[in-house]
Amino acid sequence: MEASGDRYSLEVDLFAILNTYIMKTSLIKLCFVLLAFISSLNVFGWQGMPMPQLHVEGRYLKDSDGKIVNLKGFAQTYSPFFNNNAWNNYDVAGCLNYNKWLIDEMLAAEWKMSFMRLHMDPYWSNTPGCTGRYEGEECFDEFRFRNYLDKVFVPMAEYCISKGIYVVMRPPGVFPNQISVGDGYNQYLKKVWGIVSNHPKLKNNPNVMFELGNEPIDILGTDGTYGSSGDAKFENLQKYMQSIVDVIRGAGANNILWVPGLGYQSSYAGFPKYPIKGDNIGYAIHVYPGWFGSANGYLTFQREWDKSVKPIADIAPIMVTEMDWAPAKYKSSWGKSNTGIVGGDGFGANFKYITDNSGNVSWLLFTDADKLAQFVEAPPATGDTCVFLNDPEACPWQAFHWFKEYANPTSLPVTKLEVLNSNLAPIADNEPLQLITGGDTYIFVKATYDDGHIEYVSSKATYQSNNATVATGAPGRLIAKKDGTANITINYGGLDKQISVVASTFPLKAECMDLNMWGANTFDNSTHALHITQWGQAGWTFANGVDISGYKYLVFKFGTYNYPWGTNIHLKDGSTESQDYTWQGKKQLVIDLQNVKTSAGVSIVPNHITAVRIWSAGGDIVIDNVYLTNKSDASEETSAIENVTIDKVSADDIVDVHTVTGVLVKSHVKRSEAKYGLSDGVYIIGRQKVIVMNRSRFFN
């Protein structure tokens, strides 16, 4: 079994903690626990209940039993401004009483919360009357910070833990717009975390984690410029964050640490090359409507998540420490959008789907705690309009019920299982799915339950391939590794769905091409005309990289057309890009793969090509064919299989389908169904040469 949705989606929350405790407790102790619970129904919490010690293991947060943990939570910050001015004048008792009351109210409303992000607000650590940046280090007073760490922040952390809620502590303030290794803010963070990590009640506290900082934007890179992406920036970001980690570890504290990325905690692609070293390291991200292309619907959101977050999520756990949404009319959330639908428009449903499929993302609602404390699980009365707390298009209503589903997943039988493509259209049983080698194709696994309700269960399903060297499955996606065919069986709720896939490196299909590298470009599957907007870019993106170094040539065959000015082709390996390849209106372009270089003359070994892009000043380009070959004359490779004899055939014959180069495309299918889903071209179907071209027909 290659990927198990049950393993990916396992959620540890307050109820799961109770279940673990029950299994390990004697019957007598269990009775006392239940009596204590019944007698405290007005406070929906778990005072005195054990909390599993968490640790980072590979890409997961896990408990002491090795189970994957994905926390769900809320945030609090301690200043009059963020507390509705319910207290002021550094009133410690007023601050504690108000914020403890909010936690009690949330638990009484039956929110299934398992962690809280605790902001050590600079209200308590800034020198009163200081004119420096309120959220900066200029006004930091170490004595005040130590004083109120003891009086405010530690007591609030302890109160959360007493309720069975893990704590993630965030330092006072936010990063300045530009930072550099060793700058004043770097020194400030090292001082803050040196104090916190040495505190006897926080150091190695198994229920307390540290988020190193809030929203760095641009860093001075090794190239001498400021920015939020690229190797030069992440090389220095690693030094910056590592210096803070080293202070904490130097104090002997092994608390779990959450490291922020650049671009307001949206840029993480460089971390795999420049990771933070040490144990118990995860990464904290922020996600708001509009970020990661989420304003443009699911596909863009997923692709941008894959570019920015997935590289680090593939090797370390993720925690979303700021996220919420609601229609702007409510003026009650930081993010302005709606829930929408999975796979379509809207933010909330797609956020949940994407993070569930990742399998290692903890997340919270950043909506003010006082609003969450007012939540009542009651829809609007007939005739009444929705309000912020009960509108399904806003985050409180949806998140409340999602948290309950994580805590108590349905046990109803599944009556129907479907697999949909990225356009939410069902994938037919007899139509092979075209995949691009080195890339991902997004799918949706849809389950209908016995009571009629529907869920997208991509994260819970299991995926099994009969040819894992060609293609495999994972939650919400199919992954093509090399050219060929495979059958992937998707199982959930005791039902199976089999998907036949055909993988090829340069399919001339709009659905397999990246037409939005730059501009809204189009490709016509029947005429093979690629229309590029002015200065647009389109071609093929290989999300996982594709190795074409075993071939001598990459060949493009072009149709007759008056090509626009400025057209050229580039090969990319991440941020490294080849020189321009132009063909001056000729019918053929041959790229020597053994001699690929950048415009500066630096050699590129094409063993991890992430994109092949066509750039143009605008216009139409007809592409007849694209292929890889080792033939010295750059012609397309063929094999002896093309010389076949033609026998009498029947539509019910069981046949295999090969390309003319001998690659098996389908196995043991009816001749009448053999052409479904095939790209235009010439095939051998059961010893018969067949041309597939628009409406395919047999040539005897």
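## Charges over rings

R144 lies over the face of Y90, 4.8 Å from the ring centre. A charge sits over a ring if NZ of Lys or CZ of Arg is within 6 Å of the ring centre and within 35 degrees of the ring normal. The charged end of K352 is placed over the ring of W402, at 5.7 Å from its centre.

This is a predicted model, in which local features need pLDDT of at least 70 and side-chain atom pairs count only at pLDDT 80 or more, while totals for chains, interfaces and linings use all residues. Residues are numbered from 1 along each chain as its sequence is written, and side-chain values use heavy atoms, with hydrogens and water left out.

## Aromatic pairs

The structure holds 45 aromatic pairs. Rings of Phe, Tyr and Trp (its six-membered ring) pair if their centres lie within 6.5 Å; planes under 30 degrees apart count as stacked, over 60 as edge-to-face and the rest as tilted. Y78 and F153 form a tilted pair, 6.4 Å centre to centre with 35° between the planes. Y78 lies in the loop between strand 4 and helix 4 (92-108) and F153 in helix 5 (residues 142-162), so the pair ties together parts that are 75 residues apart in sequence. Helices (H or I, at least four residues) and strands (E, at least two) are DSSP runs, numbered from the N terminus. Both Y78 and F153 are buried; buried means under 20% relative accessible area, exposed over 50%, partly exposed in between (1.4 Å probe, protein chains only).

The rings of F556 and F558 are stacked, because their centres are 6.1 Å apart and their planes at 10°. F556 is buried at 0% relative accessibility, and F558 is buried at 2%. Ring pairs also link a cluster whose members include W111, F301, W325 and W402.

## The barrel

Strands 4-5-6-8-11-12-13-14 form a closed barrel of eight strands with parallel pairing. Two strands pair if DSSP finds at least two bridges between them. Strand 4 (residues 72-77) pairs with strand 14 (residues 361-365) in the parallel sense over three bridges. The bridge partner of G73 in strand 14 is L364.

## N521

N521 is found in the loop between strand 25 (514-518) and strand 26 (522-523). N521 is buried, with a relative accessible area of 5%. A polar atom of its side chain lies 2.9 Å from the backbone nitrogen of T533. Not counting residues up to four places away in sequence, N521 touches L515, N516, H531, I532, T533, G536, Q537 and A538, where contact means heavy atoms within 4.5 Å.

Terms used: A polar contact is a pair of N or O atoms within 3.5 Å; within protein, one must be able to donate a hydrogen and the other to accept it, and residues adjacent in sequence count only if both atoms are side-chain atoms.
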